[in-house]
Each structure stands twice: as structure tokens, then as C-alpha cells.
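Dear colleague,

I am handing over the structure we spoke about, and I would be glad if you kept it open while you read the notes that follow.

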Amino acid sequence: MEFNLSENEIQRYSRHILLRELGGTGQARLKSARVLVVGAGGLGSPLALYLAAAGVGTIGLVDADVVELSNLQRQIMHGVANLGRAKTASGAEALARINPLVSVVQHQTRLDASNAAELVGGYDIVCDGTDNFATRFLLADASVAARKTLVSAAVLRFEGQLSTFKPHEGGPCYRCLYPEPPPEGLVPPCSEAGVLGAVTGVMGTLQATEVIKEITGIGRSMSGWLLIWNALDAEFRKIKLKKDPACAVCG
């Protein structure tokens, strides 16, 4: 990896470069990386903000929605001045305020079967910050087909989940954990069940940490593990995941 950091970048990222495990080489890898963030909401906000601050060179934001007042309790990329604006535009401005050296690509669209392959194929790592099962499963399947690492998080009420899926490197895929979406109505959305805003902040930040680890090759990957956090009990649990040899997608 070519050490292609300017003096400005060396100063900006100096606390990263001081880390023996990351250093200048790791920072150069971050600069060269392309990360797709699907969902510019509760999870996507802290995730994208920390990726921008960390110096990830290109960040793609996928979201078709506009900023609403009920979003502001947790979606910290957006503010009152952005009400009614596209979340991708509002998010791009927020990331530019933190780090104008980062390139932000706005995909003001809903990820669906017609565009999933093209969107996923244009990036190195894919991040799931969505809030519905249809998009979540579509994104997971597209990531397997494109042989892309997927860093996925989910939240509801006071609980969060996190895992990294790399079936192209022998690990389980999302469908090894959840073979099919749950029956409609079984798991209520946040708009019905509620969510503590700070829980999305914790899980989105953990998601950003795992993306940085995957890009730079530091630490232990979350591939093959599911992290569960219960905020009310302040309790983290890690569950070992196994690849399903009968998986319809990666088996």
C-alpha cells in the first residue's frame, strides 16, 4: 500500500497514525476504501459520521426518504434545518462539515431488485443500516453474489445486534443466521415498538469500528460471531455463528 497522505492528512489523522496496529499504512488503506452505507438514519448516521472522520475515501449513502421531525431523536446527521430535505443531501453536508477530504456519493433511491447489484458492486464493503426485512435480505443476498463483506447492525427498543458476514472467505452469510424473513407483523418496526435513540448511536459506532477493522486488517473480525447488546441490563453477549451447509444462498 502506497503511503499517499498529504501533510494535512497526516496532521488530521495523527491519532490514528500513532496506533501501532494501524499506522500510516492503515490510514492509507482507509483513504483508498469505498464503503456503501445503506440507510442514512439511526444506524447510518453515527456509522457514516465516524467513517468520514476516520478518513474513508469514498462513502456512498443510499436512502430515498426525507428528514422528518420524528427522526431527530436518533438520526444525528440531520437537524431541524434539514426537515423536508433528502436524507442523502443532508447527510452529505454533515459528512463534509466533519471531513471535506472525503468523497460522498449520494444515491437518493430505495435499494431494490433493480439496482442492488449495481450499488453493491461499486464498493469494497457494504453496511446495512436499514429498518425493514425486505431490504435487509435483498442487501445480504446481493453482497453474497458480489463477494462483498457485509457489516450488519439492527436495533429495536433497547437492544442491538451486530455481525460481519464474509461467506466469500468461508464464513456464514446473513441467511445462515436468518434463512427467511419473519412473518409479516411478527417483529414490529421502530415506528410501532419504539427505540431508544442512544442505542442506535452505540450500534452504529460499533458498526463503524468493524468497518475500519475490515479495511485495515486489524483486530479480530466479527465474521462468525453475533454481538447482542441489551442496554437496560448493560450486557453484551457474543454468540458463535456457523456456516449452514444447506444455506440456499451460500451453501
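Before the notes on pairs of residues, one definition is needed: two strands pair if DSSP finds at least two bridges between them. Please also keep in mind throughout that this is a predicted model.

With that definition in hand, strand 5 (residues 149-156) and strand 6 (residues 159-165) can be described as pairing in the antiparallel sense, over seven bridges. One of the residues to look for here is Leu156, whose bridge partner in strand 6 is Glu159. In general, the strands of a sheet pair through backbone hydrogen bonds, and they may do so either parallel or antiparallel.

Strand 2 (residues 58-62) is mostly covered, since five of its five residues are buried. Thr58, Gly60 and Val62 point one way from the strand, while Ile59 and Leu61 point the other way, and all of them are buried.

Turning to the helices, the axes of helix 4 (residues 44-54) and helix 5 (residues 87-98) come within 9 Å and cross at roughly 35°, and the crossing in which helix 4 passes helix 5 is right-handed. On the side of helix 4, Ala48, Leu49, Ala52 and Ala53 make the contact, and they meet Ala94, Leu95 and Ile98 in helix 5. The residues of this contact divide into seven nonpolar, no polar and no charged. Nine of the 11 residues of helix 4 are buried, so this helix is largely enclosed by the rest of the structure; among the buried ones are Gly44, Pro46 and Leu51. After helix 4 comes Gly55, which has a positive phi, near 95°.

Helix 10 (residues 197-216) can be checked by its length, because at 1.5 Å a residue its 20 residues should span 28 Å, and the end C-alpha atoms are 29 Å apart, which agrees. With 14 of its 20 residues buried, helix 10 is largely enclosed by the rest of the structure, and the residue that follows this helix, Gly217, also has a positive phi, near 80°.

Finally, is Thr135 buried or exposed? Thr135 has its place in helix 7 (residues 133-145), and because its relative accessible area is 11%, under the 20% cut-off, it counts as buried. Leaving aside residues up to four places away in sequence, Thr135 touches Leu111 and Thr130. Ser114, by contrast, lies in the loop between strand 3 and helix 6 (116-121), and with 66% relative accessibility it counts as exposed. Ser114 and Phe158 are 44 residues apart in sequence, and their C-alpha atoms are 34 Å apart in space.

With kind regards

How values were computed. Residues are numbered from 1 along each chain as its sequence is written. This is a predicted model: local features need pLDDT of at least 70, side-chain atom pairs count only at pLDDT 80 or more; totals for chains, interfaces and linings use all residues. Side-chain values use heavy atoms; hydrogens and water are left out. Axes are lines fitted to C-alpha atoms, for helices over the stretch in contact, and angles run from 0 to 180 degrees between N-to-C directions. Helices (H or I, at least four residues) and strands (E, at least two) are DSSP runs, numbered from the N terminus. A crossing is left-handed if the near helix is turned anticlockwise from the far one by less than a right angle, and right-handed if clockwise. Contact means heavy atoms within 4.5 Å. Ala, Val, Leu, Ile, Met, Phe, Trp, Tyr, Cys and Pro count as nonpolar, Asp, Glu, Lys and Arg as charged, and the others, Gly among them, as polar. The expected span of a helix is 1.5 Å times one less than its number of residues. Buried means under 20% relative accessible area, exposed over 50%, partly exposed in between (1.4 Å probe, protein chains only).
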